[in-house]
Every structure is written in C-alpha cells, then in structure tokens.
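Work through these exercises with the model open beside you. Each task is followed by a solution in steps.

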Amino acid sequence: MPRLLLVSQRPIDLHGGASVRWRYLLETLPELGWEVDTAFGSGDPGGAASVLARTRSRRARNALRAGAGVAWRVLRPLGLNPGLLAHDPLWAVRGRRPIAEAIARRRPDVVWVTCPPHPAMFAAAAAAERAGLPFVLELRDLWAGDPGLDAGRPLLRRLQARAVARAARVVCMTPEAAARLAELHPEASDRIAVLPNGFQPVLLELRGAPRPPRGDRAVLAHAGTLYGRRSIDGLVDALARPELRDRVRLVLVGGINDRSAAKLEAAGDAVDVDVRPPTSWREAVEAMRTADVAVVLFTPGDETAVPGKLYEALALGVPVLALTGPDSALRRLLERLGADDGVALHDDPPAIAAAIERLLADPPAPLAPEQLAPFDRRRVAADVAALLDELCH
C-alpha cells in the first residue's frame, strides 16, 4: 500500500480548521488504498497572545511586548501584518529536520503539508525536494494574496513562489482561492486543484433528530473562534434594534477576540448573549443543530474563503445567517446553492435584522443531500486519494 506523510506545524488533534477535516481523512484514506503517517510540530494554538498570557515574569512580558512593537514598526512599512510572526516563522527552518527524519523512518511515496500555520510549507517543500518525493501544498487559507497579510505587496508572493515551484499540486478550498493563486503564480495554474472543505457524513443523519422546544427567544448560534479580523459588530447592532432585541438570544461557542468582547460589553443589556468557552467538535455541532439559525462569518479582507461551519450547518439543515463582504466566496456559494435567504453584508445592521426576520418567519427547507454532495467528506476523501494515485503513476 502506498504511503502518505502528512505534515502540519500544529498537531491535528488541536482545535482548528485542519482538525476535523484531516482526522476524517486520516481514518478514511486507508480504506481508499493509502496508509498515512504524520509529522507534526508542537504548535501553539494561541499564537503570540497565548505565549504572552503564559509568561509570568513582568520583565519577560515587557520584552515580548517590546518585540511585538518592533515587529509592527518593521513590517508595517513593508505592507505586511505583524501577525505573520504569531506562529513561529522559524519553523520554516527548524521543521526541516523532524520532517526529514519522518521521511527516512516512514519512507512515504508523497509528502503533503496542510497550512496554516504557513511556515510549514517551506520546511516540507525543502525536505521533500531533498528526498526526491512528490510534494502537495494545501492552503486552507491564503497567505500571499490575503490583503490583510500582505496588502497586495509582492514580498509574500515571492517567498511563497519557492514552495509553489516545488509542489506537484497546490490544493485550495474554493474556486475563488484557485483563481487568486493562479494570478499570483501563473506558472503553476495547471497544478492548482480545488478540494473543498466540507462536512462529516454523519451530520446528514442528524437532520431528523429531536430538537428542544423553542423558548420565548429564538437562538442564533455561532460555533467557532472569533479570531483576527472577524467581527460581530454589525450583528450585535442588528440584535439591539427594537424589532429584535427582545426576540433573539445570541450563543457564541468558542473564543472571542478583543474587538468582539468590547462590542458585547458596550451593548450591555440591549443584546441577550451567551458566550461559551471552546468545546469539542460534537458539542459545537449540537449547539448549531439545536439553534433556530446558524451564523457564519467571512474574514474581512479575504474574499476567497468559506467558513467550514457553513458546510456543517447546511448538512444539518439549519437556516444560515451569512454575514459576508460585497463580493465574497461565501455569498457566491450560497447564491449558487439557492440558499441565500439569510445573506447580508456584515456591516449593515438593518440588512442583517431583515435577514434574521426572514429566516425566523419562513425558515427555508434544508438543501437536498444531492446538492451538498461535492462537500461530503466521503467525496473529498475520494478526490484526495485520486490525486495521490495520479502523483504515483
């Protein structure tokens, strides 16, 4: 049986975008003819903020803050986001040794790296090239080409081009991401493949499960971390409007960023909100399944991404409130599926309120499983296996 080495800077069992996707693939690919080994870094799920929070020494904390200030002053003039330094960029070099050792020990036929964190692409590309092995670069989120990270400047593109040049295939999640990558790296356009994020097949079976009785307030649930530039400002303002403030409870399952915490504090009693700590995937799914409406958010500045929770909400048959940008992949996907009743611009509270009222007054019927088939992870796993088979023949 051919063997795949999966590389990630973070362990797959941490919470995050790679976790549920790759745990399913690790279980399913052997059934499709591929044995899978793994090479993981230790990772830091909280990034630089987590390091700062764990640092007890005041002197060390001040040094970390000073370092962050220096990074800001150095990177901002280059058009780069200092957040690029949050996830150990030196792993691009330090990661080569453990990957090379895993290659020597496991003798894989293909090396596959899943990003973010993005420094792993450089470590895996170098180790695979030295071993003479086919290399697959999976970009679940863009690095170069994300305006929030590089502001359209060429430095990240030039760095990323080194890993792309070594890749037998570059995998991304949406057609919009594929188009952006082809613009950045036209020489690799015939090596770019779309293997979407998706949902576990078991979620379709939960559609008919009993739901708790609806209380005096409808429940809107967002399952997942509010990180980086993601914002619920428009949603909070919508829920504070007179037509909704006594009718809806907002449930946030997962960590929230400082911006969201400040917005909720400012809203006070005008919004009924339940903030729950990060939890297991199954508990997050249950919170979404039992809600009246599932909330999904796009990341401002990145019009190519579709949140993974969208696919899960659609599989569960829960009405979706999608807060989007003016030209986002999230909006276009829902329009193609005919499931755009709950689409609204993320910064337009009246439009968000109107979308919520539509979904509550006349909930749309769940999409047929046939419509969702391209996002069923059984299909995605088969496509991954087919890509791997192609590289080995």
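**Exercise 1.** Determine how H5 and H6 are oriented to each other.

Step 1. In this predicted model, helix H5 covers residues 96-106 and helix H6 covers residues 119-131. Helices are DSSP runs of H or I with at least four residues, strands are runs of E with at least two, and both are numbered from the N terminus.

Step 2. The two helices pack at about 40 degrees, and their axes are 9 Å apart. Axes are lines fitted to C-alpha atoms, for helices over the stretch in contact, and angles run from 0 to 180 degrees between N-to-C directions.

Step 3. H5 and H6 are therefore oblique to each other. Angles under 35 degrees count as roughly parallel, over 145 as roughly antiparallel, 65 to 115 as roughly perpendicular, and the rest as oblique.

Step 4. From H5, the contact takes Arg96, Ile99, Ala100 and Ile103. H6 brings Phe122, Ala123, Ala124, Ala126, Ala127, Ala128 and Ala131. Contact means heavy atoms within 4.5 Å.

Step 5. Sort these residues by class: ten are nonpolar, none polar and one charged. Ala, Val, Leu, Ile, Met, Phe, Trp, Tyr, Cys and Pro count as nonpolar, Asp, Glu, Lys and Arg as charged, and the others, Gly among them, as polar.

**Exercise 2.** Describe how H6 packs with H8.

Step 1. Helix H8 spans residues 155-166. The angle between H6 and H8 is about 35 degrees, with the axes 9 Å apart.

Step 2. H6 supplies Met121, Phe122, Ala125, Ala126 and Glu129. They meet Leu159, Gln160, Ala163 and Arg166 of H8.

Step 3. By class, this contact has six nonpolar, one polar and two charged residues.

**Exercise 3.** Is Arg247 buried or exposed, or in between?

Step 1. Arg247 sits in the loop between helix H11 (233-239) and strand S8 (248-253).

Step 2. Its relative accessibility is 36%, so Arg247 counts as partly exposed. Buried means under 20% relative accessible area, exposed over 50%, and partly exposed in between (1.4 Å probe, protein chains only).

Step 3. Beyond neighbours within four places in sequence, Arg247 contacts Asp216, Arg217, Ala218, Glu357 and Leu360.

Technical notes: Residues are numbered from 1 along each chain as its sequence is written. This is a predicted model: local features need pLDDT of at least 70, side-chain atom pairs count only at pLDDT 80 or more; totals for chains, interfaces and linings use all residues. Side-chain values use heavy atoms; hydrogens and water are left out.
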